[in-house]
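Me: I'm new to this one. Could you walk me through how some of its helices pack?

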Amino acid sequence: MTKTLVKAPFRADHVGSLLRPERIHQARKDFQAGNITAQELHQIETEEITKIVDKQIEVGLQAVTDGEFRRRFWHTDFLEHLNGVEGYVPDHGFAFKGEETERYDVRVTGKISFNPDHPHIKDFIEFKEIVGDRAVAKQTIPSPNQMFNAGIRNLEIYPDIEEYANDIIQTYRDAIKAFYDAGCRYLQLDDVYIAGLNAPEIPFNDSGYAREELIELALRVANGVLEGKPEDLVVTTHLCRGNYRSKWAFEGSYAKIAPTLFAKEKVDGFFLEYDDDRSGDFGPLEHIPNGGPLVVLGVFTSKHGQLEDKENILARVEEATKYVPLEQLCISPQCGFASTHHGNILTEEEQWAKLKYIVDISKEIWG
């Protein structure tokens with residue numbers, strides 16, 4: 001049997017999450033109030049996912065997602081369904097610029113392993129059936145390194161961080177195999193943790209490790225997870241500095257992680273935030289190996305609906321070619337439009353207009 005390699009990421013791509021329509025917000029409220037069943041909620045989500053798959057294809061995207069419509073948060077919904085992990089409501093949310101997030105997080109309660117009945121596998125199978133052969137069905141999950149955020153590891157169960165890392169690696173290897181067996185050929189690992197290792201003061205750290213040790217550990221975990229992955233599975237990493245109701249969590253360039261992670265992480269592509277000044281310049285891209293991972297420049301923002309100036313975008317892509325050849329570059333929004341169910345501060349119409357704009361500009365650049 002001949003394997004068909006997916007040529008992702010694509011010249012015009014997107015991170016994954018999309019604004020939840022009002023119908024889903026209302027259905028969630030109705031479910032919480034006991035007015036509809038879980039099955040009825042699932043059906044409404046399926047109908048809305050079908051609509052946004054059609055819409056993504058209509059605007060010209062070659063890779064489509066389910067918009068993360070079945071999730072409340074980009075990461076906790078996946079993590080809390082792993083064996084040995086639970087979701088809970090902490091005393092405080094995460095501190096973002098000018099706002100504290102809704103209170104919800106995960107914590108370790110036992111030895112970690114992959115749950116073969118993880119609901120996201122079934123969700124992907126349904127999603128892929130909706131997409132059919134019209135586009136590439138892209139799946140997004142939180143990076144394994146998200147498990148190193150402060151407060152998640154249970155020191156009584158995992159006093160040794162290396163044992164913890166090894167269990168995370170095996171858990172994610174099993175998860176990747178499950179998604180692959182379900183038909184997934186384009187998988188994205190979303191990572192706020194690694195991006196945070198660039199911040200002037202490392203957020204979310206209770207490991208006792210210094211910055212360089214944490215960067216090396218993150219690389220070992222990422223590459224350990226990817227070891228032996230199928231040749232025809234594309235895996236990318238999205239490095240995010242926080243995305244909550246159009247707010248961000250921290251700033252800083254990629255300079256501190258680039259010599260290690262950009263140079264050595266064995267992914268097929270990096271989705272990078274470059275939508276404003278807090279992202280730093282393109283200098284760290286010099287560490288991307290020539291002919292190595294594709295670099296998806298997040299030079300469009302998902303945090304507001306105004307379309308970027310086209311000439312400025314063209315100039316920025318040209319600037320990036322000082323470090324990475326044009327054939328190794330792609331473009332996208334810097335993050336999803338709704339990393340949590342709240343969504344960013346823009347309309348659905350503005351969201352679709354921005355995605356179409358990205359597709360149109362990509363054609364102008366690459367043909």
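Reply: Two packed helices are described by the angle between their axes and the distance between the axes. Angles run from 0 to 180 degrees between N-to-C directions. Keep in mind that this is a predicted model.

Me: How do α1 and α2 run relative to each other, roughly parallel or roughly antiparallel?
Reply: Helix α1 (residues 22–32) packs on α2 with the axes 10 Å apart and an angle of about 175°. Angles over 145 degrees count as roughly antiparallel. So α1 is, relative to α2, roughly antiparallel.

Me: How many charged residues are there in the contact of α1 with α2?
Reply: On the α1 side you'll find R23, I24, A27, R28 and F31, and they meet α2 residues including E45, E47, E48 and K51. Across the contact there are 6 nonpolar residues and no polar ones, and the charged ones number 6.

Me: What about α2 and α4: which word describes their angle?
Reply: The axes of helix α2 (residues 38–58) and helix α4 (residues 119–131) come within 10 Å and cross at roughly 40°. Angles under 35 degrees would count as roughly parallel, and roughly perpendicular takes 65 to 115. That makes the α2 and α4 pair oblique.

Me: Is Q139 buried or exposed?
Reply: Q139 sits in strand β7 (residues 139–142). Not counting residues up to four places away in sequence, Q139 touches R71, H120, F124, F179, C184, Y186, L187 and Q188. Its relative accessible area is 5%, and under 20% counts as buried, so Q139 is buried.

How values were computed. Residues are numbered from 1 along each chain as its sequence is written. This is a predicted model: local features need pLDDT of at least 70, side-chain atom pairs count only at pLDDT 80 or more; totals for chains, interfaces and linings use all residues. Side-chain values use heavy atoms; hydrogens and water are left out. Helices (H or I, at least four residues) and strands (E, at least two) are DSSP runs, numbered from the N terminus. Contact means heavy atoms within 4.5 Å. Ala, Val, Leu, Ile, Met, Phe, Trp, Tyr, Cys and Pro count as nonpolar, Asp, Glu, Lys and Arg as charged, and the others, Gly among them, as polar. Buried means under 20% relative accessible area, exposed over 50%, partly exposed in between (1.4 Å probe, protein chains only).
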